[in-house]
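Subject: Structure for you to look at

Hello,

Here is the structure I said I would pass on. Please open it first; my notes follow below.

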Amino acid sequence: MKLIFQKSVKSRKGVDITGALQGGTEKLPEAKYLRHSPAELPEVSELEAVRHYVGLSRQNFSVDTNFYPLGSCTMKYNPKILEKAASADAFTGLHPILGFYSCESCAGALEVLYRMQEFLSEITGMHSTSLQPMAGAHGELAGMLMVRKYHRKKRNNKKFIIVPDESHGTNPASAAMAGYGVVTIPTGPDGLLDIDILREKLSGETAAVILTCPNTVGKFDPRIKQISSLARSRDALMYYDGANMNAIMGKVRPGDLGFDIVHLNLHKTFATPHGGGGPGAGPVGVTKELSEYLPYPRVVKDEDDGFALSFDRKKSIGRIAPFYGNFSVILKAFIYIVLLGKEGLKDASEKAVLNANYIMKNLNASFNNPYPGHCMHECVFSASEPGMAMNIAKYLIDNNIHPPTVYFPLIVKEALMIEPTETESLQTLDNFIDLMRKASELMKKDPQRLQDSPVSMPVGRLDEVSAARQPDVNFTS
Amino acid sequence: MNYTPHTEEDIKKMLKSIGVSCVEELFDVIPQELRAQSFELPESMSEQGVSKEIERLLSLNGSGIRNFAGGGFYDHYIPSAVDFLSSRSEFYTPYTPYQSECSQGTLQALYEYQSAICRLTGMDVSNASVYDGGTAAAEAVLMALNITRNRRKIIIDSGVNPLYREIIHTYTENLNIEIVEVDSINYRADRKKLKGLTDKDTAAVLLQNPNFFGAVDDYTDIVAAAAENGALSILLFYPVSLGVLKTPGEMGFDIAAGEGQSLGIPLSFGGPYLGILAACKKYLRKLPGRIAGAAQDSNGRRGYVLSMQAREQHIRREKATSNICTNQNLMALRALLYMVLTGKSGFVNVSKKNLMAAAKLKETIAALKTEIEIPFYGPVYNEFVIKLPVDARAAVKKMLQQKILAGVPLGDFYPGRQNELLVCATESSSDEDFKLYTDALENLLKL
């Protein structure tokens, strides 16, 4: 499709916000403070803009239009009532700084934040939660900064963070941003962390161990408490990457397993729409011992049972967001928890695990399963032959299904990581299984057909290598 | 209420296929002693019940408050089509566009966003967003440290939003660098001191325009002085002001970071907002976060991909330019829609109106027969400082009783400035608002 800039016609007007302005250049500051000429933004009518962007939207797959079993991303349905709360003027029009001067004027918003802190602490089994981090990786950074504070206070000389080789890329990257080195532990043939190597690598210089549990190959590690005690024996903290929390709500709580810090991804587990890549929210929960390090301000209850903000920052890592986090995302997740309640959340995890196991069982005969046995909320297969995971992904696109995550985790060759989520029906799963079986047959009988996919999209496979070599990231003509 | 579609019959069928007798069996791998010790949450509710609960929460917020507080976050009018288009499911409910062929809508929109940001700022390249203005500033600082390698000093003008300065401190606390904050003089950057402090160990100088006090400046000379020392310069800019004000590109900045909330994003009690991050071309591969780029398919058709992913955490892990993964994609889309819908001339009009509104309110307050002082008479954008004969925080609290949020008291951020108040006006403020405001101010000072 043409770019909006290519549809621009000189002097065409868009939406009039201001009406005619009275007074001209005499009201402007002197020329040295002004831009030389107006920004070359498009000149299109509202209708042309609407057609252009409605047209573009139709070139996307989305949860509302397609099955979207993207592993590790928990692409569950986003209930529409969540939007009703988040789009109300009494929330959208609320200036965040109001909270600094009058908690009564934003009591509804503060109640949401306070109760959400409590809900998430209960769900994770942690002592306190901060809602400030604006995405999972941001929660990880907050967590790593708290790890630093903890060790500094104890005058521990810590240098490294331990992560498994199947971990999300954000884990080592967050550790590095907090100034730590990274030690990687391999995964054993059972899909679980190699505990002997962990024992060997854990040292007095280990600051923390970051784990995702269940991990990215969909396995819950029953030795998790043993791992926690090993870490504790070296005064290393345990960090829980909550990307896969959707598997275990109401079943297991990281706090009960010996974790010290937990982040959650509200845009995964708690049904807020992902927006094509954000906004998300990545609240971080901690033990009592670490609670004074949480980002400030925090929402607290005052003497009269009202809600207030605490600006106590003495021991806090500081601000990580300007105010209270991505409020409207937090609000949607709050409404989701209120809707489902404790039984609903448990049911969500159970059905997520049921759906994943149903897919796994029914594809075991068609694909190599590197880690057999029951899975949790997602399963990982290997397409074995070079390039084949990508070919299958593109074949699924031609069949109106968003592909699973491919080539991740990095430890599985030609990985296909499938996470159906609990909101998908048996019929949708059967259709997917059917297509995956066909793809597996095509791998043997007609690999070219897979290689040629997709053919039904606005573009075929794009040459990412040339695009990266000669970047065109700004339309200049 | 839950959203699982499973019937009893479905569950039976699925369990049979898997070869287990009940769902709980799938959790057998989790030993009993590891099971949740508590899970005390409310009972589930019907959709109607929740709808009523939402009404209750909404009613608890103060309504009808007239807003004269900015501090980097402003009440701006949002064209209806921004909400309408950005709410389309196809934009609203996908994930990050890793699979480009079925994500061309998002990817082309990101490419257009990056292009529009470059046109607005006069910079060469932009990423596809970070979380907000503060984290954009922090990422810009990390980027400068990465580019200049062994340099350890960051110089920051105190006219940079104090909330953002705190975020920068939080981000860099463990990186063994020195942050030097330079107090502004008469509400503007202390150019002499800033230049004097810039040396061969300086990685970057960070400024803001308009600054936290609303003062407008031209930093071309400071940028040049930084460059002479091999240091980078970073500007925190305010997007709507660039309809009229000199751009970071024109002043020669290496990196431009900004809060995009003014571009069609509601205040929403603090977020989600939009972190804008743009730079000179030579730093493209040091930019953190997603970047959309044009690509071709085997038939020569043009399309868009997430480009240069080798910089990012999912490939490079601990060696990535940043840990950022999920960003603020939908907010970038809103900003794009805002820029397109207002268009070349409409955007300039909105920008001018904001400038004029602040000037008008400033003049009106100056004309009042009160003891209020206007300490800075140079050019301002969107907001300005007034000096009250009373404590500004107390004044704000009092005026809130009349449903007026009178501004941002500076004493909270700048010790010793207890009587100073930062007052804001935008294109949304009417003459009637101004009258209410000045009446309330006069009343307050009479008492």
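A crossing of two helices is called left-handed if the near helix is turned anticlockwise from the far one by less than a right angle, and right-handed if the turn is clockwise. That term is needed for the helix pair described below. Please keep in mind that this is a predicted model.

In chain A, helix H11 covers residues 327–363 and helix H13 covers residues 426–445. The axes of H11(A) and H13(A) come within 10 Å and cross at roughly 30°. Angles under 35 degrees count as roughly parallel, so H11(A) is roughly parallel to H13(A). The crossing in which H11(A) passes H13(A) is right-handed.

On the H11(A) side, the meeting residues are Asn355(A), Tyr358(A), Ile359(A), Asn362(A) and Leu363(A). Their partners in H13(A) are Leu429(A), Phe432(A), Ile433(A) and Met436(A). By class, the residues of this contact are seven nonpolar and two polar, with no charged ones.

The two chains

Contacts between the chains involve 174 residues of chain A and 162 residues of chain B.

The domains of chain A

Chain A is split into domain 1, residues 83–338, and domain 2, residues 341–452. The centres of these two domains of chain A, taken over C-alpha atoms, are 29 Å apart. Domain 1 of chain A puts 19 residues into the contact, and domain 2 of chain A puts in 17 residues. On the domain 1 side there are seven nonpolar, seven polar and five charged residues.

One residue in chain B

Val216(B) sits in the loop between strand S5 (202–209) and helix H9 (220–228) of chain B. Is Val216(B) buried or exposed? A residue counts as buried if 20 or more other C-beta atoms lie within 10 Å of its own. Val216(B) has 22 such atoms within 10 Å, so Val216(B) is buried.

Leaving out residues up to four places away in sequence, Val216(B) touches Pro29(A) and Tyr33(A) from chain A. Within chain B, Val216(B) touches Asn209(B), Pro210(B), Leu245(B), Pro379(B), Val380(B) and Tyr381(B). Lys192(B) is 24 residues from Val216(B) along the chain, and their C-alpha atoms are separated by 17 Å.

Regards

Conventions: Residues numbered from 1 in each chain as written. Chains lettered and ligands numbered in written order. Predicted model: local features only at pLDDT ≥ 70, side-chain atom pairs only at ≥ 80, totals over all residues. Contact = placed C-beta atoms within 7 Å. Helix = DSSP H or I, 4+ residues; strand = E, 2+ residues; numbered from the N terminus. Axes fitted to C-alpha atoms, helices over the stretch in contact; angles between N-to-C directions. Parallel < 35°, antiparallel > 145°, perpendicular 65-115°, else oblique. Nonpolar A, V, L, I, M, F, W, Y, C, P; charged D, E, K, R; others polar. Domains from an automatic or database assignment. Buried ≥ 20, exposed ≤ 12 C-beta atoms within 10 Å, placed from the backbone.
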